[in-house]
Amino acid sequence: MPRRLFLHVGLPKTGSTSMQKWFLDNRTALAAQGLCYPIDPPLHNYKQGYTVLALKVGDMAPLRAALDQAGASDVLLSNEGLSNHFLDFPAEALAAFRTLTADIAEALAAFRTLTADIAVIVIGFHRDPDRWLRSYHRQAVLNPRNNASELWGTSQDLAQIRAHYRIKRLLDHDRLAKDMAQGVGADAVHMLNFDDPAAFTRMLGVMDVPDLSDIPLPRINETLPDWAITMMQRINAQEPDNPARQAWKGVLYHYLKSNHTVLRDDANRMGADALALINPALLDEMPTEIPHQDIRHFLNNQLPAIVRT
């Protein structure tokens with residue numbers, strides 16, 4: 001049984017994806033120092049999405065499997081959705097996390113029973129509120145509309161999203177840390193400043209693996225130009241269906257030669273039939289900073305060959 005369970009909870013837009021890729025790439029080095037980063041089902045890539053799902057629906061089986069996988073090592077679970085969706089976790093699911101039952105078929109055994117000898121340690125990151133909000137807004141515009149958050153696929157501008165209750169809660173760092181500590185029954189909470197260049201090193205220190213701090217974090221999701229976010233914000237307002245939005249994001253991925261994971265995933269879904277979902281007339285209604293003519297030329301002369309290969 002592990003001695004300690006570290007829950008890396010985000011916030012979103014504080015380098016979580018880069019850290020998760022780092023944890024995955026350095027699993028062997030972490031394991032050598034007594035810290036297990038459990039292998040995740042391929043569906044979730046290197047993000048341990050089952051942690052969020054467990055607290056939404058109360059199914060603790062994947063968390064039990066992660067602890068079992070670790071053996072006597074400490075365990076690290078990482079997903080920024082733990083903070084982003086904390087308001088969405090029903091009280092019953094949080095209770096199940098704290099108090100799992102042994103029989104999954106009937107009720108979930110007490111998390112505290114399962115982790116009676118494990119110290120639960122929450123690690124979170126915060127950053128400058130204005131910079132964080134700009135980054136979060138950009139991600140909200142790009143994410144596909146779904147029931148995970150009412151902000152995904154938004155057409156709202158920065159001022160509108162700032163007033164949203166979810167944003168206000170995420171920016172109240174002290175309250176969020178207190179609520180999460182109580183919700184998961186944490187023994188300790190460490191909220192680190194992402195704007196500190198040594199923030200990731202400090203996280204490794206909390207987990208007692210400081211010797212690995214010389215391994216650099218990968219760079220993922222390079223910043224898109226502002227005009228691309230404005231363009232998708234306008235498209236979100238005009239196109240109610242995800243397939244058309246995804247096709248436009250695929251256009252941006254290829255046009256910009258981007259490494260952004262959301263654009264990449266949408267581009268990978270594109271086939272020749274996606275071309276019919278792209279309405280070039282929408283470009284006529286875009287602000288002047290958007291390169292209309294270049295994108296039209298790309299749509300007509302380059303994109304068809306790309307999606308058919």
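Where is the place of Leu11 in this structure? Leu11 sits in the loop between strand E1 (4-8) and helix H1 (16-25); helices here are DSSP runs of H or I with at least four residues, strands are runs of E with at least two, and both are numbered from the N terminus. The model is a predicted one, in which local features need pLDDT of at least 70 and side-chain atom pairs count only at pLDDT 80 or more, while totals for chains, interfaces and linings use all residues. Residues are numbered from 1 along each chain as its sequence is written, and side-chain values use heavy atoms, with hydrogens and water left out.

The peptide bond from Gly10 to Leu11 is cis, with omega near 5 degrees. Lys13, which is also placed between E1 and H1, is not a glycine, yet its phi is positive at about 65 degrees. The relative accessible area of Lys13 is 23%, and the residue is therefore partly exposed; buried means under 20% relative accessible area, exposed over 50%, and partly exposed in between, with a 1.4 Å probe and protein chains only.

A positive phi is also found at Asp208, a residue other than glycine, with a value near 60 degrees. Asp208 belongs to the loop between helix H12 (199-206) and H13, and with a relative accessible area of 43% it is partly exposed.

Helix H4 (residues 61-70) shows how burial can be arranged along a helix. Its buried residues are Leu63, Ala66, Leu67 and Ala70. Seen down the axis of H4, these residues fall within an arc of 95 degrees, so they line one face of the helix; the arc is that of the directions from the helix axis to the C-beta atoms. After H4 comes Gly71, with a positive phi near 65 degrees.

Helix H4 also packs against helix H3 (residues 50-57). The axes of the two helices come within 8 Å and cross at roughly 135 degrees, where axes are lines fitted to C-alpha atoms, for helices over the stretch in contact, and angles run from 0 to 180 degrees between N-to-C directions. H3 and H4 are therefore oblique to each other; angles under 35 degrees count as roughly parallel, over 145 as roughly antiparallel, 65 to 115 as roughly perpendicular and the rest as oblique. On the H3 side the contact is made by Tyr50, Thr51 and Ala54, and on the H4 side by Pro62, Leu63 and Ala66, contact meaning heavy atoms within 4.5 Å.

Trp248, Val251, His254 and Tyr255 of H14 make the contact with Asp294, Ile295, Phe298 and Leu299 of H16.

The structure holds 14 salt bridges, each a side-chain nitrogen of Lys or Arg within 4 Å of a carboxyl oxygen of Asp or Glu. In one of them, the side chains of Asp195 and Arg131 meet at 3.2 Å, N to O. Asp195 lies in the loop between strand E5 (188-193) and H12, and Arg131 in helix H8 (residues 129-142), so the pair ties together parts that are 64 residues apart in sequence. Asp195 is partly exposed at 32%, and Arg131 is partly exposed at 38%.

Arg138 counts as buried at 18% relative accessibility, whereas Asp226 counts as exposed at 56%.

In the salt bridge of Asp266 with Arg269, the closest N and O atoms are 2.5 Å apart. Asp266 is buried, with a relative accessible area of 3%, and Arg269 is exposed, with 54%. Elsewhere, salt bridges that share partners join Arg4, Asp74 and Asp208 into one network.

Which residue is buried yet has no salt bridge? Glu239 is in that position, and the nearest side chain of opposite charge, Arg245, is 7.1 Å away; Lys and Arg count as positive and Asp and Glu as negative, with His and the chain ends not counted. Glu239 is located in the loop between helix H13 (226-238) and helix H14 (242-256). Leaving aside residues up to four places away in sequence, Glu239 touches Ala244, Arg245, Leu277, Asn279 and Leu282.
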